[in-house]
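Hello,

Here is the structure I said I would pass on. My notes on it follow below.

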Amino acid sequence: MENFPRICPNLSRVRGMADVDVTPGPSARVARALVDGRSLTRDLAADLLTHLPELGSASTQGRLDAWVEQASEALLAVSDALGERLLDRVGPPDATVGRRCCGGP
């Protein structure tokens, strides 16, 4: 559960109210998978571009460079698609969430 930081600790404890189960449900697990997948594919795209072997033939080198670039762009497209699915699922970030109950501005 430590992978799911709580926005406001006061939301789960109210005087006189029974304890609330704050175990992440299926929606939270799906959102976490989308976030992790997006981050992983973005990192893989960046890593792929750092590993460009030097080949002797200019034509072979050109084909390899083009393939690496296309593979990196494909990973970034997957990352963007995961980000869109995440926005569809949880909505855009809201800068005011948690401010009123946690003493924020």
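Where pLDDT is low, the predicted coordinates should not be read in detail.

On the helices: α1 covers residues 26-50. Its 25 residues, at 1.5 Å each, should span 36 Å, and the end C-alpha atoms are 36 Å apart, so the two agree. For α2 (58-90), the 33 residues should span 48 Å, which agrees with the 48 Å between its end C-alpha atoms. After α2 comes G91, with a positive phi near 85°.

On the packing: the buried residues of α1 are set against α2, and those of α2 pack against α1. In α1 the buried positions are A31, L34, G37, T41 and A45. In α2 they are Q61, V68, A71, S72, S79, G83 and L86. S72 has a relative accessible area of 3% and is therefore buried. Leaving aside residues up to four places away in sequence, S72 touches A45, L48 and L49.

On the salt bridges: a search of the whole structure finds three.

- R42 and D80 form a salt bridge, with the closest N and O atoms 2.8 Å apart. D80 lies in α2 and R42 in α1, so this pair ties together parts that are 38 residues apart in sequence. D80 is partly exposed at 38% relative accessibility, and R42 is partly exposed at 33%.
- R32 and D36 meet through their side chains at 3.6 Å, N to O, in a salt bridge. Both lie in α1, four residues apart, about one turn of the helix. R32 counts as partly exposed at 29%, as does D36 at 40%.
- R85 and D88 form a salt bridge with the closest N and O atoms 3.0 Å apart. Both are in α2, three residues apart, about one turn of the helix. R85 is partly exposed, with a relative accessible area of 42%, whereas D88 is exposed at 58%.

Regards

Definitions and conventions:
Residues are numbered from 1 along each chain as its sequence is written. This is a predicted model: local features need pLDDT of at least 70, side-chain atom pairs count only at pLDDT 80 or more; totals for chains, interfaces and linings use all residues. Side-chain values use heavy atoms; hydrogens and water are left out. Helices (H or I, at least four residues) and strands (E, at least two) are DSSP runs, numbered from the N terminus. The expected span of a helix is 1.5 Å times one less than its number of residues. Buried means under 20% relative accessible area, exposed over 50%, partly exposed in between (1.4 Å probe, protein chains only). Contact means heavy atoms within 4.5 Å. A salt bridge is a side-chain nitrogen of Lys or Arg within 4 Å of a carboxyl oxygen of Asp or Glu.
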